[in-house]
Amino acid sequence: MKFVRVVKEEELPIGKSIIVAAKSEEIALFNYKGKYYAVANKCLHKGAPLGEGRIEEGVVICPNHEWRYDLETGGCRQNPELFTKVYPVRVAKGNVWIGLEGDQKPTALGKGPNQMPANLKAKIDLVQKPINPDEQL
Ligand code: FES
């Protein structure tokens with residue numbers, strides 16, 4: 001497992017999310033109530049980007065048809081046998097790091113903020129507005 005620096009803490013405030021690309025995978029990184037969670041960006045239903053979903057009570061809700069995934073376990077609320085991939089996240093020296101398996105090397109996908117490492121950039125602009133402001137606290 002190799003940890004890759006993704007973003008500075010200050011660039012991903014509470015209630016925000018970012019989508020990052022790592023080779024063949026896209027990862028949705030959330031700051032939910034001050035804790036960071038990373039899950040596969042692709043919904044298990046029809047592939048919509050979970051990083052654009054909203055969060056309610058620790059569950060990310062797909063923007064398309066509202067399938068729900070537990071941020072801690074990746075467990076799907078619609079089907080208890082389904083789990084989306086979750087990634088380990090660490091915070092060190094003001095940066096957020098995501099653990100990637102094997103020798104997978106992250107690659108750039110689109111433009112990103114200046115502070116992003118050259119080999120791992122945000123696919124979308126740093127971030128969306130919180131859809132549910134009550135969940136920011
Ligand atoms: S694509 Fe996510 S619920 Fe349908």
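Two residues are in contact if their C-beta atoms, placed from the backbone, lie within 7 Å. Among contacts in the chain with a separation of 6 or more, 47% are between residues 24 or more positions apart. The model is predicted: local features need pLDDT of at least 70, side-chain atom pairs count only at pLDDT 80 or more, and totals for chains, interfaces and linings use all residues. Residues are numbered from 1 along each chain as its sequence is written.

The chain has 10 strands and 0 helices; helices (H or I, at least four residues) and strands (E, at least two) are DSSP runs, numbered from the N terminus.

Strands S1, S10 and S9 form an open sheet in the order S1-S10-S9, with antiparallel pairing; two strands pair if DSSP finds at least two bridges between them. S1 and S9 are the edge strands, each pairing on one side only. S1 is joined to S10 by 6 bridges, and Lys2 has Leu100 in S10 as its bridge partner.

| Strand | Residues |
|---|---|
| S1 | 2-8 |
| S9 | 89-92 |
| S10 | 95-100 |

Gly51 lies in the loop between strand S4 (35-40) and strand S5 (54-56). Is Gly51 buried or exposed? Gly51 counts as buried because it has 26 C-beta neighbours inside 10 Å; the cut-offs are 20 or more other C-beta atoms within 10 Å for buried, 12 or fewer for exposed, and partly exposed in between, with C-beta atoms placed from the backbone. Leaving aside neighbours within four places in sequence, Gly51 is in contact with Ser17, Ile18, Ile19, Ala28 and Asn41. Buried residues make up 32% of the 137 residues in the chain.
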